Amino acid sequence: MIVRRLALLAALLPLLAGGCVAKTAFDVVTFPVKAGAKAVDWTTTSQSEADRNRGRADRKREERAAKERRKAEKRCRQHPEDCSGEEPRY
């Protein structure tokens, strides 16, 4: 009786574990492709990232220009004889 149950269990075991083995084999085969895709994603810049970086650079450039303009205006108020009446160039 015990031998029959063991034989039945032994016969069903590959069927029960077959999905796990197939999934593991699939994961092992597809891993290099997934890893390569992730590496490419890390090394490239998407369009939205490029737009965000460009916007950040533009804002910083505008902030620097505004700061220089305020400095020039302050210098002109303190020393009007040094100002030629022209807008400062950046």
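Predicted model: local features only at pLDDT ≥ 70, side-chain atom pairs only at ≥ 80, totals over all residues.
Figure 1. Because R61 and D58 are 3 residues apart in helix α2, about one helical turn separates them.

**Figure 2. Close-up of R54 and D51 in helix α2.** The side chains of R54 and D51 meet in a salt bridge, with a distance of 3.0 Å from N to O. Both R54 and D51 lie in helix α2, which covers residues 47-78, and they are 3 residues apart, about one turn of the helix. R54 counts as partly exposed, at 46% relative accessibility, and D51 counts as partly exposed too, at 38%. For the whole model, the count comes to 2 salt bridges.

**Figure 3. Close-up of the disulfide between C76 and C83.** A disulfide is a covalent bond between the sulfur atoms of two cysteines. Here the disulfide joins C76 to C83, with a distance of 1.8 Å from S to S, and the count for the model comes to 1 disulfide. The torsion about the S-S bond of C76 and C83 is about -115 degrees, so this disulfide is left-handed. C76 is partly exposed, with a relative accessible area of 31%, and C83 is likewise partly exposed, with a relative accessible area of 26%.

Figure 4. T30 has its place in helix α1, which covers residues 2-43. With a relative accessible area of 16%, T30 is buried, because the term applies to residues under 20% relative accessible area. The side chain of T30 reaches the backbone oxygen of D27, at a distance of 3.4 Å.

**Figure 5. The whole chain, as a setting for the close-up views.** The chain has 2 helices and 0 strands.

Terms used: Residues numbered from 1 in each chain as written. Heavy atoms only, no water. Helix = DSSP H or I, 4+ residues; strand = E, 2+ residues; numbered from the N terminus. Buried < 20%, exposed > 50% of the residue type's maximum accessible area, 1.4 Å probe, protein only. Polar contact = N/O pair within 3.5 Å; in protein donor to acceptor, adjacent residues only side chain to side chain. Disulfide = S-S within 2.5 Å. Salt bridge = Lys/Arg side-chain N within 4 Å of Asp/Glu carboxyl O.
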